Amino acid sequence: MGKINEFLERTLVPLANKLGQNKYLNSISTGFSYLLPVVMVGALFTLISSLNFQPYQALITKTGIKTLFSFASTVTTDMLAVYTVFLIAKAFGEKEGYGKESLFIATTALVSFMLMIPLKSVKTNGMTAAFLPTRFLGSAGLFSAMIIALFSAKIYLIILKKDITIKLPESVPPTISKSFSAIIPSLIIVFIFSFIRLGFSFTSYGDLNSLIYSVIQSPLVSLGRSPLTFVFCTALCSLLWFFGIHGGMIVMPILNTLYMPTLLENLAAYQGGKALPNLITQSTWMNFASLGGAGGTLGLCILMLFLAKSERYKSLGKLAIIPGICGINEPITFGFPMVLNTVMLIPMIITPMITFGISYLCMSIGLVPFPNGVANALGTPIGLSALMTVGWQGTILQLILVIVQMAVYYPFFKAADNNALKDEKMIEEKV
């Protein structure tokens with residue numbers, strides 16, 4: 001075990017630290033964090049308007065309320081790529097130390113993204129009308145949004161650092177001065193993307209978004225549908241936490257990239273009354289794999305609260321139970337501790353695998369519905385989180401999974417509790 005730890009410390013930890021400090025991955029993660037209110041609002045309105053209860057549907061359809069509920073989802077989840085490109089570019093500018101300039105960086109990225117969507121035309125009544133296709137404004141354009149946001153923001157910052165800007169006298173108000181300083185970078189970037197758009201018009205793809213969707217997004221989403229990919233992410237997250245590295249910071253950009261599109265696909269299908277296509281979405285992480293936080297530690301919190309004999313773990317159980325119910329497990333991670341605790345490494349890795357495997361099986365055989373596409377905010381308590389994303393069957397499944405967590409953690413917890421109790425008795429005897 002010592003040799004394995006030494007090897008991982010020498011190889012995995014430096015790599016994880018570099019990934020954790022990577023400004024591109026951090027910008028994606030931060031951008032999606034900014035995006036959460038938009039995702040939540042759209043998902044909740046979709047859930048309210050599409051709730052599968054016939055008397056309720058008849059009522060809201062007859063009264064016109066269903067139409068009212070549909071407005072929000074049309075301009076939130078159906079246009080998520082638009083907000084994504086803006087917020088990731090803004091986050092990138094902030095990571096580079098720019099304040100108000102990050103808004104200009106984000107706006108230019110948004111313009112660049114819209115440039116990549118060629119207008120279509122249609123003839124009606126002898127007249128030709130132009131329109132903007134909406135396909136890549138939603139989930140199909142998420143990868144394009146991420147790539148364009150980072151590429152556009154990077155070019156913008158290079159131009160700023162080379163000081164290729166319009167400079168106004170100091171007497172001009174700062175807001176006006178900064179607006180003028182954004183003109184040249186924006187002109188250059190818009191020209192570059194206009195040239196890219198023209199170039200792709202001569203290819204079989206027709207536009208950049210179609211290329212990215214066909215060559216990058218579609219294969220990656222297919223990769224994400226494999227349960228092995230998800231299991232690898234959960235194991236990596238737990239392993240990083242074992243070394244004291246915030247596993248979520250490293251894994252979350254990967255999860256968002258792979259599973260945000262599947263979440264939005266399910267949400268669109270749910271809204272349209274169609275069969276949900278994806279068993280694994282972004283919500284699977286917190287709802288079924290990592291109940292209580294990384295390592296699936298809610299069961300461990302309950303064990304400490306009710307079965308601990310040592311004062312150390314009794315106190316920790318009382319402290320950790322409420323955060324654990326809400327998916328926050330830093331009290332456990334650093335208080336138990338789980339960090340560099342070779343005894344607890346095994347349950348930390350296998351518990352999320354087991355609970356995810358059980359949930360995957362239950363959904364595969366039809367005992368539990370697929371996730372409907374609602375994204376839970378961090379801190380949503382167990383029970384409510386599954387009720388929103390899966391239904392009452394998901395809530396029952398969560399309770400079963402917590403019992404499974406307790407069973408997996410019990411022998412490891414018992415050994416740690418006995419050792420702590422011996423240490424406390426030794427201290428009492430010395431006193």
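A polar contact here is a pair of N or O atoms within 3.5 Å; within protein, one must be able to donate a hydrogen and the other to accept it, and residues adjacent in sequence count only if both atoms are side-chain atoms. Keep that in mind for the start of α10, where a side-chain oxygen of D207 comes to within 3.1 Å of the backbone nitrogen of N209.

This is a predicted model, with local features needing pLDDT of at least 70 and side-chain atom pairs counting only at pLDDT 80 or more, while totals for chains, interfaces and linings use all residues. Residues are numbered from 1 along each chain as its sequence is written, and side-chain values use heavy atoms, with hydrogens and water left out.

**The overall picture**

- The protein has 19 helices and two strands; these are DSSP runs (helices are H or I, at least four residues; strands are E, at least two), numbered from the N terminus.
- Its C-alpha trace spans about 90 × 60 × 45 Å along the principal axes.
- Of the 431 residues in the protein, 48% are buried, where buried means under 20% relative accessible area, exposed means over 50%, and partly exposed is in between (1.4 Å probe, protein chains only).
- Take contacts (heavy atoms within 4.5 Å) between residues at least 6 apart in sequence: 73% of them join residues at least 24 apart.

- Helix α10 runs over residues 208-224, and its 17 residues should span 24 Å at 1.5 Å a residue; the end C-alpha atoms are 23 Å apart, which agrees. The expected span is 1.5 Å times one less than the number of residues.
- Even so, α10 has a kink of about 40° centred on S214. A bend at a residue is the angle between axes fitted to the seven residues ending there and the seven starting there.
- Its buried residues are L208, N209, S210, I212, Q217, V221 and G224.
- Among the elements covering those buried residues are α6 (101-115), α7 (142-161), α9 (183-200), α11 (227-242) and α12 (247-271).
- S144 sits in helix α7 and counts as buried, at 1% relative accessibility.
- Setting aside neighbours within four places in sequence, S144 is in contact with F113, N209 and I212.

**Two nonpolar cores**

- A nonpolar core is a set of buried Ala, Val, Leu, Ile, Met, Phe, Trp, Tyr and Cys residues joined through side-chain atoms within 4.5 Å. The largest one has 53 residues, and F230, L300, Y313, F336 and M338 have the most contacts inside it.
- At least two residues of this core come from each of α11, α12, α13 (284-289), α14 (298-307), α15 (311-325), α17 (342-364) and α19 (392-430). The largest share, nine residues, is supplied by α11.
- Not counting residues up to four places away in sequence, L300 touches I332, F336, M338, M344, Y409 and F413.
- There is also a second, separate core of 46 residues, which includes I88, M146, I212 and L264.
- L239 belongs to helix α11 and is buried, with a relative accessible area of 15%.
- L239 and M348 lie 109 residues apart in sequence, yet they are 7.9 Å apart in space, C-alpha to C-alpha.

**Cysteines**

- The structure holds zero disulfides, a disulfide being a pair of cysteine sulfur atoms within 2.5 Å.
- The sulfur closest to that of C237 belongs to C233, and at 9.1 Å it is too far for a bond. C237 is buried, with a relative accessible area of 3%.
- C301 is in no disulfide either; the nearest cysteine sulfur, that of C326, is 11 Å away. C301 is buried too, with a relative accessible area of 1%.

- The peptide bond from F336 to P337 is cis, with omega near -5°. P337 is in the loop between α16 (330-335) and α17.
- D163 has a phi near 60°, a positive value in a residue other than glycine. D163 is in the loop between α7 and α8 (174-181) and is partly exposed, with a relative accessible area of 44%.
- α19 has 39 residues and reaches 54 Å from its first C-alpha to its last, close to the 57 Å expected at 1.5 Å a residue.
- α19 bends by about 50° at Y410, and a proline, P411, follows within four residues.
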